[in-house]
Amino acid sequence: MRQIAAPFFSSRRRAFVFALVLAAVTIFAYRPAWNGGFLWDDDVYITNNELLTAPDGLRRIWFSLDSPSQYFPLVYTTFRVEHAIWGLDPTGYHWVNLLLHVANALLVWLVLARLKVPGAWLAGAIFALHPAQVESVAWITERKNVLMGFFFLLALLAWIAFVDGRTKRPWLFYGFALILYLLALSAKTTACTLPAALFLILWLQRTPISWKRVCQIIPFLVLGIAMGVLAMWWERYHQGTSRAVFTFLSPIERVLVASRAVWFYLSKLIWPSNLTFIYPRWDVAPTHLLNYAWLLAAVIACGALYFLRRYWGRSVEVAAGFFLVTLSPVLGFIMLYTFRYTFAADHYQYLACIGPIALASAGLANLTNTFKNGRALLLSTALCVVAVLATLTWRQAEMYGDIDTLWRMTLARNPGCWMAHNNLGMVLFEKGQLDEAIRHYRRTLEMQPDFWDAIQMLTWRSPMLFFKRNEPMTRSLTIKKRWQYVPITFLPVTVSAMLCLRKGSSTLQLSIPGLPC
């Protein structure tokens, strides 16, 4: 009987069935995001991006500074192709993101299996269904994350084949790895951490790291450094991440942010509760001694890894190393525009989470093997974990259904988020809900007095709002300021108003014509 059933339950067939089931469950878990709308920044990337429709758009995407965001040419190329197919229907863009994520989960499983990591299949399932991944999948703008991850993982597979002594024509796979790495970099520059992952693979496999191996990795390193420098320049001079926009962190503050961020991301993987689009911005004042607790915990953890490595082997070191290195570009050492309102985001750890997930899956697989019915115990435990994660992912995906829901749920979980108040105000203004829009703009300026977007909306459009409601225009808006004398005149429709700031004054006043300024 077993001989008859063996062909139907071979390892290849089991793997194929598992892949189909995992893909189906992942797609179903993201059901709330299937027909989601365009969200924040999607207008910059897609709806208002002339590069997607201009006759010379493809050339400008790759060979100009016209990109509306960072240098992500491969991402904009995919958007251009999709725009030609389904225009501005967001459903198609959401499905491409989702299918790329499913492919990445299967690649995570395949990479770990090639590295002979126990429980590789479980790691792939957790990667696919962890709710921390929802932001990268359900937000169209994060195509850069899932697309970069796809080529990043393919490059790792090619490298594993290259260093495998049994591979025929290994240099062919080396060439594939370089090409795939270039594609990953053109999707998102954070792929620049791949050379470190190549070293970690050699370390995990106990392959001697000779000068020959170092020379083989140098081309990857050069490409990564070049793209990293380009990204920092672009962020500073093209994105406007400068000291004129917001105060840069001091060196010690950057270390405090990085140490806290590492534990923050790890905690969200272990206990994914209260996930939100924008997290509260931490107070990292060097004068507060409690802020050093995260740094102290990191030092203790590093010491424990060093002294206990003889008992744990290299797997823990490799998992921790991959997690830290892959996170390093977004930990705070390099200033990002998002640091103006938060130091952390779920999509920052899209690939980095593979390290802790692989370690936990391997630990669970090894632990259950010590029991008599270990295989059944592992499968039942995995089923419970996957079921819980799938449920949490469904609930988290509901947050990304539309732009209004996104900002309202963000404020429910982070009431002090001034950026969410401002952006919700913009959404409400477009809907004609003027009273609520003004309330959110005022709340924004209470928390961030010098945020020009909210000031502009209240000063330029407020007279028009009062006119629409037939209210007497005798109100004066007072805002704390940080600028010198700035006279500006606005002429909205049939109402004229003048924004004036007395030199040396501490307030900014919106004055209706005829009243003293």
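1. A cavity here is a set of grid points where a 1.4 Å probe fits but cannot get out, and its lining residues have an atom within 4 Å of a point. With that in hand, the largest cavity of this predicted model has 13 lining residues. Nearest its centre lie Asn145, Met148, Thr190, Thr326 and Tyr348. The volume of this cavity is about 120 Å³.

2. What classes of residue line the largest cavity? Seven are nonpolar, five are polar and one is charged. In the whole structure, the search finds three cavities of 30 Å³ or more. As background, rolling a probe the size of a water molecule over the atoms shows where empty space is left.

3. Next, the overall fold. The protein chain has 23 helices and four strands. It runs to 517 residues, and 51% of them count as buried. Take the contacts between residues at least 6 apart in sequence: 71% of these join residues at least 24 apart.

4. The second largest pocket has a volume of about 1100 Å³. Its lining takes in 41 residues. Closest to the centre are Leu266, Ile270, Phe323, Pro356 and Leu359. Two or more lining residues come from each of H7 (120–129), H13 (251–270), H14 (293–307), H15 (309–312), H16 (315–327), H17 (354–368) and H18 (374–397), all of them helices.

5. Which element gives the most to the lining of the second largest pocket? Helix H13 does, with eight residues. By class, the lining of this pocket counts 33 nonpolar, six polar and two charged residues.

6. Now the nonpolar packing. The largest nonpolar core holds 140 residues. Within this core, the residues with the most contacts are Phe79, Phe152, Trp159, Phe220, Tyr265, Phe277 and Trp407. Helix H9 (residues 143–163) supplies the largest share of the core, with 14 residues. In soluble globular proteins, nonpolar side chains tend to be buried together.

7. What does Tyr265 touch, leaving aside residues up to four places away in sequence? Its partners are Phe323, Leu327, Leu331, Phe343, Ala344, Ala345, Tyr348 and Gln349.

8. Two backbone points deserve a check. Most residues other than glycine have a negative phi, and most peptide bonds are trans. Arg169 has a positive phi, near 55°. Arg169 sits in the loop between H9 and helix H10 (170–187). Its relative accessible area is 68%, so Arg169 counts as exposed.

9. Arg206 also has a positive phi, about 60°, although it is not a glycine. Where is Arg206 placed? It lies in the loop between helix H11 (194–204) and helix H12 (211–237). Is Arg206 buried or exposed? Arg206 is exposed, because its relative accessible area is 55% and the cut-off for exposed is over 50%.

10. Last, the cysteines. How many disulfides does a search of the whole structure find? The count is zero. A disulfide is a covalent bond between the sulfur atoms of two cysteines. On accessibility, Cys192 has a relative value of 23%, so it counts as partly exposed. Cys215 is partly exposed as well, with a relative accessible area of 46%.

Notes:
Residues are numbered from 1 along each chain as its sequence is written. This is a predicted model: local features need pLDDT of at least 70, side-chain atom pairs count only at pLDDT 80 or more; totals for chains, interfaces and linings use all residues. Side-chain values use heavy atoms; hydrogens and water are left out. On a 1 Å grid over the protein atoms alone, a cavity is a set of points where a 1.4 Å probe fits but cannot get out, and a pocket is an open set with protein on both sides within 12 Å along at least five of seven lines; lining residues have an atom within 4 Å of a point. Grid points are joined across faces, edges and corners, and a volume is the space filled by probe spheres set on the points. Ala, Val, Leu, Ile, Met, Phe, Trp, Tyr, Cys and Pro count as nonpolar, Asp, Glu, Lys and Arg as charged, and the others, Gly among them, as polar. A nonpolar core is a set of buried Ala, Val, Leu, Ile, Met, Phe, Trp, Tyr and Cys residues joined through side-chain atoms within 4.5 Å. Buried means under 20% relative accessible area, exposed over 50%, partly exposed in between (1.4 Å probe, protein chains only). Contact means heavy atoms within 4.5 Å. A disulfide is a pair of cysteine sulfur atoms within 2.5 Å.
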